[in-house]
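Dear colleague,

Please find the structure below, followed by a short account of what was found in it.

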Amino acid sequence: TKSSAKPVANPWILAIAPYIPGRSTTDDGRKVIKLSSNENPLGTSPAARAAFAGAANQLERYPDASATELRDVLAAKHGLDPARIIYGNGSDEVLHLVAGAFAGPGDEIIHVRYGFAVYEIATRRVGATPVIAPDRDYATDVDAILACVTDRTKLVYVANPNNPTGTYSARDEIARLHAGLRPDILLVLDHAYAEYIDGDAEDGGMALAESASNVLVTRTFSKMYGLAAERIGWGYGSAEIIDAMHRIRLPFSITIAGTAAAVAAVADTEFVDNTRGHNAEWRRWFSDEIGKLGNAGLRAVPSQANFVLVLFEGKLTAEVAYKGLMDAGYIVRWLPGQGLPDGLRITIGTADETQGVLGALRDLVETAG
Ligand code: PMP
């Protein structure tokens with residue numbers, strides 16, 4: 001009847017499982033140590049903080065919609081063409097833009113089984129179909145991805161290092177993936193954690209984005225640069241890819257204060273070097289310590305990111321450990337909704353936090369017997 005009629009959302013939108021962010025409080029509202037969102041435990045560059053504060057006198061102004069200064073700074077830092085840089089409200093927006101510009105109903109977009117949740121949301125949002133490639137012991141399996149390609153494949157999302165597994169595909173694997181894809185399939189290489197790779201190595205993605213016409217690399221200020229609150233992400237690809245994405249971009253999705261902080265953060269190489277060194281040291285320590293709990297069924301998936309996926313294959317289950325850690329004052333990420341009921345993703349925190357969460361895990365192992 002007329003009175004019961006109401007707007008109905010697109011069915012492909014209702015098929016989306018909403019993104020669940022990392023929590024910062026317990027069920028009973030206690031604020032505890034947050035190791036659930038891969039944020040920078042060392043905070044933010046002091047220079048970036050100062051630049052952010054300095055933007056307070058421009059609140060009535062719209063941001064520079066073309067982000068000229070930010071693009072110039074990034075281009076100089078990474079040796080890129082500033083005209084081929086896209087930017088957005090976190091790399092999340094950039095990941096959405098590329099699906100919006102290149103895929104639609106009837107198209108397929110491939111991502112790996114244990115992949116970043118936004119890929120599936122961005123895929124369904126445009127009415128495309130997610131195709132899920134199996135992993136190889138939690139790592140990205142290039143052959144499995146290539147085996148998923150059909151005539152309908154439009155795009156492949158690969159995070160390297162991958163979230164939530166932390167696994168890394170070396171340069172030759174990424175080259176093999178790119179070489180195995182038809183040139184009309186867009187390869188999106190998500191480098192959100194690229195700065196954390198041992199020795200600051202690179203998977204060759206930027207060089208591919210520079211020379212190939214079907215590669216987009218995305219990056220973020222949320223992790224290594226400690227600016228998650230300010231939502232600045234960017235991407236690099238061919239002039240044609242970037243042009244298409246600009247057409248659907250929100251005009252003012254990055255802010256004056258965030259941009260100012262990002263520009264200052266790029267210049268503060270000392271802060272980045274400290275973060276990288278801290279993370280490498282404590283990631284190694286934490287993974288080694290988890291390894292010592294192997295007889296209790298705990299296992300650390302080898303990580304090149306700022307977090308470690310710990311698998312629970314013994315008496316102590318991931319679910320019990322998740323709740324026990326919460327009681328002990330640590331929030332980590334349990335991802336049963338992403339097909340990972342047996343794992344906890346734990347961000348590398350400060351020295352105290354990392355030692356603390358390991359100690360709490362050891363206690364839980366002992367209690368479980
Ligand atoms: N890609 C991956 C793999 C991530 O883990 C994240 C952060 N959770 C992002 C992209 C998005 O980060 P942001 O939007 O803060 O740039």
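**Strand E10 and its partners**

Strand E9 (residues 298-300) and E10 run antiparallel and are joined by three bridges. Strands here (E, at least two residues), like helices (H or I, at least four), are DSSP runs numbered from the N terminus, and two strands pair if DSSP finds at least two bridges between them. Please note that this is a predicted model, in which local features need pLDDT of at least 70 and side-chain atom pairs count only at pLDDT 80 or more, while totals for chains, interfaces and linings use all residues. Residues are numbered from 1 along each chain as its sequence is written.

A hairpin of six residues connects E9 to E10. Opposite Arg299 stands Leu311 of E10. Leu311 also has a bridge partner in E13, namely Gly343. Strand E13 (residues 340-347) runs antiparallel to E10, and five bridges join them.

Strand E10 (residues 307-312) is largely enclosed by the rest of the structure, because five of its six residues are buried. A residue is buried if 20 or more other C-beta atoms lie within 10 Å of its own, exposed if 12 or fewer, and partly exposed in between, with C-beta atoms placed from the backbone.

**Ile85**

Ile85 lies in strand E2 (residues 85-89). Ile85 is buried, since 20 other C-beta atoms lie within 10 Å. Beyond its neighbours within four places in sequence, Ile85 is in contact with Arg71, Leu74, Ala75, Leu80, Trp234 and Tyr236; contact requires C-beta atoms, placed from the backbone, within 7 Å. From C-alpha to C-alpha, Ile85 and Ala75 are 8.0 Å apart, with a separation of ten residues in sequence.

Yours sincerely

Terms used:
Contact = placed C-beta atoms within 7 Å.
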